[in-house]
Amino acid sequence: MLDAIRIVLVNTSHTGNIGSAARAMKTMGLKNLYLVDPVTKPDSKASALAAGATDILANATIVNTLQEAIADCGLVVGTSARSRTLSWPMLDSRECGDKLITEAANYPVALVFGRENNGLSNEELQQCNFHVCIDANPEYSSLNLAAAVQTLCYEIRQHHIALQRAPYIEREALENPYPLSKELEKFYVHFESTFAKAGFIRSKHPGVIMSKVRRMFTRTRLESQELAILRGMLSAVDKTVSESKKD
C-alpha cells in the first residue's frame, strides 16, 4: 500500500526543502515523490539534506502541472493551513493517514503540499477530494515544508502498521470504487461545456458556479458508476440542446 502513495510538492522554491522532504518520506517507508514545476530541480543541496534518501530524489517524477501529477489517482488530499472562502471537505492528520492507506489498495493516491510561502492555490485545492490541516499550536501554527511532510507521513505509517496487524478492519471500506482524478476532470469539463451551450453558464466566465459545482460533487464523493450516469445525463442534454438549435 505504501508503494501506491505519492507525495506531491508543488512549485517548491528551495531545493533543500525537497531533500528534507525526501528524507522525511524515507524514514516512514514512502518513496514516490512527484515535483510539480519546481523553481529549481534537485541539486547538490537537496542531496545533502536528503541524508541518505538520494534514491528518492533520483527517482522523483517532475511534471509541469498538478493535474499531470494526480491524473491516475483515485484519492487526492491537499494540505491547507488556512480557511478558504469556499469551504471543502476536511480531514485531520489521523483521518488523512487512515483514508490514504485504506484507498491505496485500490489505486494510486496522492498527498499534495503547496509552496513554502503561500501553499496551494484555490484552483489547485479544488482538484483535491479532501483538504487536511495539521492541528498545530493555534498561537504559532507555522510548519516548514519538511516538518509538514514528516507529520503526515508518520500518520500514514501508523495506519499502515495498524492495517498489517488487523487487515480485516478495513476490508469493507475498500469495496467502493471511485473515479480517478483525470475522469473527474473530464466530467467537469463536460459539465461546463454542456451548461454553457444551454445558456446556464457563461462560457467566458464560469467562475464561481464551477467552483461551487466542484465543491458539491466533492462533498458527495461520486462513485464511478454514479459518474457514468451523470456523464450520460450530460450527453442527453447535449443532444437535446443541439436538436433544439436545429429547429
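Let's start inside this predicted model, at its largest cavity, whose lining is made up of 8 nonpolar, 6 polar and 3 charged residues.

**Stop 1: the cavity**

Select Cys128, Asn129, Leu184, Tyr188 and Thr218. Of the 17 residues that line the largest cavity, these five lie nearest its centre. The volume of the largest cavity is about 160 Å³, and the count of cavities of 30 Å³ or more comes to 1.

Which helix gives the largest share of the lining? Colour H8 to find out: H8 provides 4 residues, the largest share.

**Stop 2: helix H10**

Next, show the side chains of Leu227, Leu230, Leu234, Asp238 and Val241, the buried residues of H10. What do they pack against? Their partners are already in view: the buried residues of H10 pack against helix H8 and helix H9.

**Stop 3: the sheet**

Switch to a cartoon view and look for the strands. An open sheet is formed by 7 strands with parallel pairing, and you can walk across it in the order E3-E2-E1-E6-E4-E7-E5. Pick out E3 (61–63) and E5 (90–91) at the edges; each has a single partner strand, so one side of each is left without a neighbour in the sheet.

**Stop 4: strand E6 and its neighbours**

Now select residues 109–113, which make up strand E6. On one side, E6 runs parallel to E1 (residues 5–10), and 5 bridges join the two. To see individual pairs, show Ile5, which stands opposite Val109, and then Val8, whose bridge partner in E6 is Val112.

Strand E4 (residues 75–79) also runs parallel to E6, joined to it by 4 bridges. Here, find Val77 opposite Leu111.

Are the residues of E6 buried or exposed? Of its 5 residues, 5 are buried.

Technical notes: Residues numbered from 1 in each chain as written. Predicted model: local features only at pLDDT ≥ 70, side-chain atom pairs only at ≥ 80, totals over all residues. Heavy atoms only, no water. Pairing = 2+ DSSP bridges. Buried < 20%, exposed > 50% of the residue type's maximum accessible area, 1.4 Å probe, protein only. Contact = heavy atoms within 4.5 Å. 1 Å grid on protein atoms, 1.4 Å probe; cavity = no way out; pocket = protein on both sides within 12 Å on 5 of 7 lines; lining within 4 Å. Points joined across faces, edges and corners; volume = space filled by probe spheres on them. Nonpolar A, V, L, I, M, F, W, Y, C, P; charged D, E, K, R; others polar.
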